[in-house]
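User: Hi! I am new to protein structures and would like to learn how to read one. Could you walk me through it?

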Amino acid sequence: MNPYYLAYNCIGTGLFFILFPPFFLYSRITGRYRHGLSQRLGIYPKIRIPPPAGVARIWIHAVSVGEVHVAVAIMNALSDILPGSCFILSTTTEYGQQLARNKIQGSLLQNRTDCVFAPIDLIPSARNALRAFKPDLLAFIETEIWPNWIAEAGKMGIKTALLNGRISVRSIKGYLKILPLMKETLKQINAFSMIREEDAYRIRQMGASPDRIRINGNAKYDLLGEQVDPAIPDLMAKLYNLKGDEKVFIAGSTRREEEQMVLDAYEKMRQFFPNTLLIIAPRHVERSKFIGELIKNKGLSYQFRTDFNGMETQRHSPVVVMDTMGELQAAYSIGTVIFCGGSLVPLGGQNILEAAVWGKPVLYGPSMEDFMDAKEILDQAGGGIMVQDQKDLLKKTLHLLHHPKELEQIGNLARRAVIQNRGSAMKHAMIIRDLLEHSKPSGSIGL
């Protein structure tokens with residue numbers, strides 16, 4: 001066994017035996033994290049869909065909400081080029097699992113897909129999981145690189161691929177610190193279907209074989225156009241009790257100090273547009289109460305999203321804190337101006353195209369390392385606006401609100417940019433098809 005791989009397993013196993021007993025006790029007492037715990041240990045006693053004969057069985061791992069969207073787009077494409085294929089769609093987080101089940105339910109994939117929790121990356125759990133499902137191919141979405149899972153798949157003759165691969169400026173630093181382990185792991189992966197040239201370059205730095213690397217764009221954008229249902233804006237307007245003349249400023253996926261920045265800017269914004277509704281959607285909903293305290297300290301009235309349903313109970317406060325998951329994409333449809341968080345603090349940004357697809361001008365800070373492809377798409381089209389700090393956020397938001405024709409024009413450019421950048425899901429799906437057919441992976445660019 002490779003010494004670095006051995007060290008990884010010794011450390012991982014040791015931490016498991018130290019941390020699992022108190023975690024299990026905590027889970028039993030509080031009830032948290034109990035759902036899917038046995039699956040995380042590699043135990044899958046009830047497989048709803050038995051392994052089919054003569055058709056491809058493909059396991060796609062998507063850690064959470066964003067990756068699930070990508071996985072479903074690729075699965076839909078695979079259904080076109082590999083009819084009858086069956087899927088295992090695994091997630092790490094409970095939010096991701098809930099979204100996966102919602103996406104699959106009622107779709108053409110429903111009777112051909114098992115939604116499960118992913119096993120933790122220990123040899124026994126990874127081995128048991130692969131034996132339970134017997135996939136022909138195991139695909140990881142974006143940045144999911146698990147040494148034991150990949151190694152066990154290789155031992156069983158299961159092809160592996162990294163799809164919609166993304167290696168950010170920040171994450172490459174961590175990977176390079178464990179470069180010997182990464183090289184050992186990546187040499188076992190059969191194909192790397194990356195988003196951008198920069199991602200391909202970084203995965204090559206980590207040890208991926210150049211002849212296995214392709215650049216195929218971001219499949220995350222393929223589903224965005226489909227999510228623009230013309231009925232949604234009216235539903236959201238009723239839900240948020242809009243009368244028709246309000247401005248709506250949405251701060252989505254905010255992190256750390258950004259809520260305070262947004263509130264400071266909003267206070268001044270109301271001097272010019274007093275009936276502006278502010279919707280704050282934190283990246284982590286557990287911070288909602290903390291944000292409520294910040295709003296209270298400003299002397300502003302607020303409601304949590306769960307405080308109203310648009311019918312019996314209505315929204316009446318000027319500020320709403322979104323304490324729900326999965327609603328932000330729809331809420332963007334009623335925004336006048338959108339700010340996407342994780343970008344005024346050095347956390348790499350968020351997917352700004354989720355707002356752009358609604359034809360909204362999107363503001364974002366200078367930290368967009370994790371979504372450089374999305375930033376470039378909007379920058380080139382003229383549909384995105386970078387802000388340097390809190391003052392710049394206020395200045396540029398007010399400029400847009402005072403110039404509605406310019407606001408509309410920028411929004412239209414943003415939407416057009418998203419629509420023109422679809423089609424990557426099929427390219428990633430073709431990588432899987434080629435692997436299953438034992439031929440050299442195809443792609444738009446080879447390195």
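Analyst: Happy to! Let's start with a term: two strands count as a pair if DSSP finds at least two bridges between them. Please keep in mind that this is a predicted model.

User: Thanks! How many bridges join E1 to E2?

Analyst: The general idea is that strands of a sheet pair through backbone hydrogen bonds, either parallel or antiparallel. Here E1 and E2 are joined by 5 bridges and run parallel. One example is Ile60, whose bridge partner in E2 is Leu89. To get from E1 to E2, the chain passes through helix H3 (residues 65-81), and this β-α-β crossover is right-handed.

User: How many bridges join E1 to E4?

Analyst: E1 and E4 also run parallel, with 4 bridges joining them.

User: Are the residues of E1 buried or exposed?

Analyst: Strand E1 (residues 57-61) is mostly covered, with 5 of its 5 residues buried. Look at both faces: Arg57, Trp59 and His61 are buried on one side, and Ile58 and Ile60 are buried on the other.

User: What is the order of the strands in the open sheet?

Analyst: The 7 strands follow the order E3-E2-E1-E4-E5-E6-E7, with parallel pairing. Strand E3 (113-117) and strand E7 (213-215) are at the edges, each with a single partner strand, so one side of each has no neighbour in the sheet. On average, neighbouring strands are turned by 20 degrees against each other, direction ignored.

User: Which strands does helix H4 touch?

Analyst: Helix H4 (residues 94-104) packs on the sheet and touches strand E2 (86-91) and E3. The direction of H4 makes about 170 degrees with that of E3. Another helix to find is H9 (residues 197-205), which lies across E5, strand E6 (191-194) and E7. H9 runs at about 165 degrees to E7.

User: And at what angle do the axes of H16 and H17 cross?

Analyst: In general, two packed helices are described by the angle between their axes and the distance between the axes. For helix H16 (residues 390-402) and helix H17 (residues 404-419), the axes come within 5 Å and cross at roughly 105 degrees. That makes H16 roughly perpendicular to H17. In this contact, H16 contributes His399, Leu400, Leu401 and His402, while H17 contributes Pro404, Glu406, Leu407 and Ile410. Sorted by class, the contact has 5 nonpolar, 2 polar and 1 charged residues.

Notes:
Residues numbered from 1 in each chain as written. Predicted model: local features only at pLDDT ≥ 70, side-chain atom pairs only at ≥ 80, totals over all residues. Heavy atoms only, no water. Axes fitted to C-alpha atoms, helices over the stretch in contact; angles between N-to-C directions. Helix = DSSP H or I, 4+ residues; strand = E, 2+ residues; numbered from the N terminus. Parallel < 35°, antiparallel > 145°, perpendicular 65-115°, else oblique. Contact = heavy atoms within 4.5 Å. Nonpolar A, V, L, I, M, F, W, Y, C, P; charged D, E, K, R; others polar. Buried < 20%, exposed > 50% of the residue type's maximum accessible area, 1.4 Å probe, protein only. Right-handed = clockwise from strand over helix to strand, strands pointing away.
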